[in-house]
Amino acid sequence: MRRLIIVIFLLALFTVGCDRIASDNAVIIAGSTSIEPFADKWAEVYMEKHPDAIINVQGGGSSAGVQAAESGVADVGTCSRELKPEEKVLNEIIVAYDGLAVILHPSNSISDLTSEQVKQIFAGRIRNWKDLGLKDKIITVVTREEGSGTRGAFQELVMKDTRIFKGAIVQDSNGTVREIVANDPNAVGYISLGLVNEAVKAVSLDGVAVTDENIISKKYDLMRPFLFVTKNAPAGEVKNFIDFVLSDEGQGLIREEGLIPVS
Amino acid sequence: MTQLERNEKLIQITLAIIAFSAISFLLLITFFIFFEGTPVIIKYGIKNFLFGLDWYPTEKSFGILPMIIGSIEVTVGALVIGIPLSLACSITLTEFSSKRLRQILKPVIELLAGIPSVVYGFIGVVILVPFIRDNFGGPGLSVLAASIILGIMILPTIISISIDSLLAVPKSYREGSIALGATKWQTVVMVIFPAARSGIITSIILGMGRAIGETMAVIMIAGNAINIPRSILDPVRTLTSNIALEVGYSTGEHRQALFATGIILFIIIMVLNSVANVISSKGKR
């Protein structure tokens with residue numbers, strides 16, 4: 001009996017090993033956790049159409065994605081912020097745009113903030129809702145962790161050179177930020193537009209509502225590109241996949257999920 | 001050499017290799033943490049690292065004092081909640097209840113140790129955090145929430161070791177004390193408790209190690225702000241959650257600084273475990 005178990009175990013190990021060898025020709029996509037669900041969707045549909053193609057999507061974060069593309073660990077790195085100057089040596093393809101929404105608890109009566117107000121709130125200079133004309137309650141500021149692409153984009157677009165203040169609650173995903181804001185009447189946070197749902201309220205910024213039209217027409221400022229980065233010009237399976245992503249069908253897929261297509 | 005002797009030798013060598021490889025893994029991990037972490041401490045200065053108030057790794061500012069204080073606060077909070085509960089429980093189970101009850105309850109309590117920490121964290125988020133927010137104010141994600149959950153999480157460790165050490169006190173101590181006219185409670189406080197002291201202290205230190213090392217539950221309920229909390233209702237970040245939160249996205253010196261955070265944590269836990277070892281070996285003598 002015991003011998004049988006060992007044999008089965010070894011067989012299992014062996015098959016796992018084989019799987020790895022067989023996936024040698026797989027396209028590996030790694031990086032931003034914001035892009036990951038959409039890349040998954042693209043990969044799923046692409047693989048349905050091309051049964052012999054294997055697209056392997058992994059997370060890790062924007063910076064890790066860029067690094068993976070640079071070192072060749074991944075065929076395509078994904079990045080949900082603008083590339084830094086030193087990263088510009090890589091080949092970048094914009095595959096979608098994403099809006100960043102500033103969100104409040106649905107019970108909050110505020111529905112419009114200026115970008116200056118948002119900045120002051122996240123800098124910790126406006127600490128109380130009474131400064132914004134509501135009742136005397138401390139604002140619960142929710143942000144993302146250092147290194148996150150969403151935070152990077154928010155820093156760049158809203159905060160500029162001002163630091164997000166240290167008393168802000170830090171969460172490590174869009175989902176947990178939304179969860180906290182959905183449950184705390186005094187909370188404010190920011191998440192990817194595609195993930196806004198009825199549990200939270202997205203405020204309009206400087207009077208511009210967060211809608212697809214306003215983002216496409218660039219009226220709404222808080223927008224970031226979703227990038228695919230490759231070390232060299234894409235070729236073969238990688239190129240086919242990227243072509244699919246940029247095709248009407250590929251772009252249609254992400255529109256359903258709440259992202260803004262490139263064209 | 002006979003066949004038998006040769007086999008014996010072979011088994012001996014194999015066992016030695018396996019035993020050594022287990023230890024060498026530990027050494028390797030230790031070496032790796034220090035190898036990755038020390039450069040950034042040296043570069044920015046140990047003083048700035050340990051006593052710096054600003055943690056903005058993308059701006060090359062690495063100060064972990066808020067996290068060190070956060071870890072200490074949360075751990076002390078957990079002990080304040082955990083120690084009275086667990087000592088009361090272990091004294092009740094050893095001195096004031098039937099053997100049968102103890103035989104049923106002790107395994108149940110030890111079973112609590114098997115609940116994954118993410119479940120504790122989840123209960124904290126769903127029940128405790130809204131409760132604190134609604135009744136005491138603040139965001140709810142706070143030192144208080146983390147202390148309460150950690151206090152519960154360390155109960156099994158403290159209770160189970162305390163029960164063992166209370167039971168290890170010779171029966172003659174109890175009989176002697178009662179024969180001298182002491183009440184049962186006096187016997188517990190003046191005779192049994194002091195006799196079991198080293199085991200109980202060891203159990204508390206091990207519980208403390210558990211509280212400092214806990215990560216998942218704390219990330220979920222502590223709020224993770226990089227501020228030194230001014231009240232127990234403020235959010236807080238511990239050393240462990242700092243590493244787990246940011247490691248996914250970190251690169252370069254940011255990653256090294258996280259390893260350096262690991263070094264500090266490593267040293268704290270090493271010291272705690274050594275203290276526990278010294279105390280428990282003293283008790284045995």
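**Talking through a predicted two-chain model**

Trainee: What percentage of the residues of chain B count as buried?

Mentor: Keep in mind that this is a predicted model. Chain B has 285 residues, and its C-alpha trace spans about 75 × 70 × 35 Å along the principal axes. The share of those residues that count as buried is 40%.

Trainee: And what is the secondary structure of chain B?

Mentor: Take contacts in chain B with a separation of 6 or more: residues 24 or more positions apart account for 73% of them. As for the elements, chain B comes to 13 helices and two strands.

Trainee: On the side of chain B that touches chain A, how many residues are nonpolar, polar and charged?

Mentor: Start with the contact itself, where 22 residues of chain B meet 19 residues of chain A. Helix H5 (117–136) and helix H12 (239–246) of chain B each supply at least two residues of that side. By type, the chain B side divides into ten nonpolar, nine polar and three charged.

Trainee: Over to chain A. Where is its pLDDT below 50?

Mentor: The chain's mean pLDDT is 85, and 90% of its residues reach 70 or more. One stretch, with two contacts in the model beyond near neighbours in sequence, has pLDDT below 50: residues 16–23 of chain A.

Trainee: How many helices and strands does chain A have?

Mentor: We're looking at 263 residues, 42% of which count as buried. Their C-alpha atoms fill a box of roughly 70 × 50 × 35 Å, taken along the principal axes. Chain A has nine helices and eleven strands.

Trainee: Why are the buried residues of H8(A) put on the same side?

Mentor: The buried residues in helix H8 (residues 236–246) of chain A are Phe241(A), Ile242(A), Phe244(A) and Val245(A). On the other side of H8(A), Gly236(A) and Asp243(A) are exposed.

Trainee: Is Lys160(A) buried or exposed?

Mentor: Lys160(A) is in the loop between helix H5 (149–159) and strand E7 (169–171) of chain A. Its phi is near 55°, a positive value in a residue other than glycine. Most residues other than glycine have a negative phi. Since Lys160(A) has 8 C-beta neighbours inside 10 Å, and 12 or fewer is the cut-off, Lys160(A) counts as exposed.

Trainee: What is the phi of Asp206(A)?

Mentor: Asp206(A) is in the loop between strand E10 (204–205) and helix H7 (212–216) of chain A. With 14 C-beta neighbours inside 10 Å, Asp206(A) counts as partly exposed. Its phi is positive, in a residue other than glycine, and is near 50°.

Conventions: Residues are numbered from 1 along each chain as its sequence is written. Chains are lettered from A and ligands numbered from 1 in the order in which they are written. This is a predicted model: local features need pLDDT of at least 70, side-chain atom pairs count only at pLDDT 80 or more; totals for chains, interfaces and linings use all residues. Helices (H or I, at least four residues) and strands (E, at least two) are DSSP runs, numbered from the N terminus. A residue is buried if 20 or more other C-beta atoms lie within 10 Å of its own, exposed if 12 or fewer, and partly exposed in between; C-beta atoms are placed from the backbone. Two residues are in contact if their C-beta atoms, placed from the backbone, lie within 7 Å. Ala, Val, Leu, Ile, Met, Phe, Trp, Tyr, Cys and Pro count as nonpolar, Asp, Glu, Lys and Arg as charged, and the others, Gly among them, as polar. pLDDT is the predictor's confidence in each residue, from 0 to 100.
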